[in-house]
Amino acid sequence: MERDHIRAALNDIFREKFQIVEPGVDENLRDAYEFDSIDAVELLHEIELLLGAKLTQAEKKSAMDIRTINQIIDYIEALSSARLLAKPLNSEERLSPVEP
């Protein structure tokens, strides 16, 4: 997932779910918008929908110190990359055996 795509998706989520229009990328969401732990839980659910996969407890726990949009984007990029690396290859993506 590219940063621009993630940023656009987050703008949609924040506008639709939290009535926050285009938050600054480095603004502390708690200070600037009173974004609380209930909002954070809802955001994690939206991230699961965006990724198309459930987050593990460890992944959710690692999100506890996130405060800005840039940090959220970094978090989603890391999750997306980890899932891409862990995804098994389908038959077309597997390398064919090397013939002698």
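I'll start with R3, which is partly exposed at a relative accessible area of 32%; buried means under 20%, exposed over 50%, and partly exposed in between, with a 1.4 Å probe and protein chains only. This is a predicted model, where local features need pLDDT of at least 70, side-chain atom pairs count only at pLDDT 80 or more, and totals for chains, interfaces and linings use all residues. Residues are numbered from 1 along each chain as its sequence is written, and side-chain values use heavy atoms, with hydrogens and water left out.

Now the overall picture. The protein has 5 helices and 0 strands, in the order α-α-α-α-α from the N terminus. Helices (H or I, at least four residues) and strands (E, at least two) are DSSP runs, numbered from the N terminus. Of the 100 residues, 30% are buried. The accessible surface is about 7,100 Å², with 54% of it on carbon and sulfur atoms; areas come from the Shrake-Rupley method with a 1.4 Å probe, and for residues only the protein chains shown count as cover. Among contacts with a separation of 6 or more, 64% are between residues 24 or more positions apart, a contact being heavy atoms within 4.5 Å.

On to the salt bridges. The whole structure has 5 of them, each defined as a side-chain nitrogen of Lys or Arg within 4 Å of a carboxyl oxygen of Asp or Glu.

Back to R3: its side chain meets that of E77 in a salt bridge, 2.8 Å from N to O. That pair links distant parts of the chain, since R3 is in helix 1 (residues 3-18) and E77 in helix 5 (residues 69-86), 74 residues apart. E77 is partly exposed too, at 23% relative accessibility.

R15 is partly exposed at 39%, and D12 is partly exposed at 34%.

Which residue does K60 pair with? The partner is E48, with the closest N and O atoms 4.0 Å apart. K60 sits in helix 4 (residues 57-62) and E48 in helix 3 (residues 37-51), so the bridge ties together parts 12 residues apart in sequence. K60 is partly exposed, at 27% relative accessibility, whereas E48 is buried, at 9%.

Last point: salt bridges with shared partners join R3, D74 and E77 into one network.
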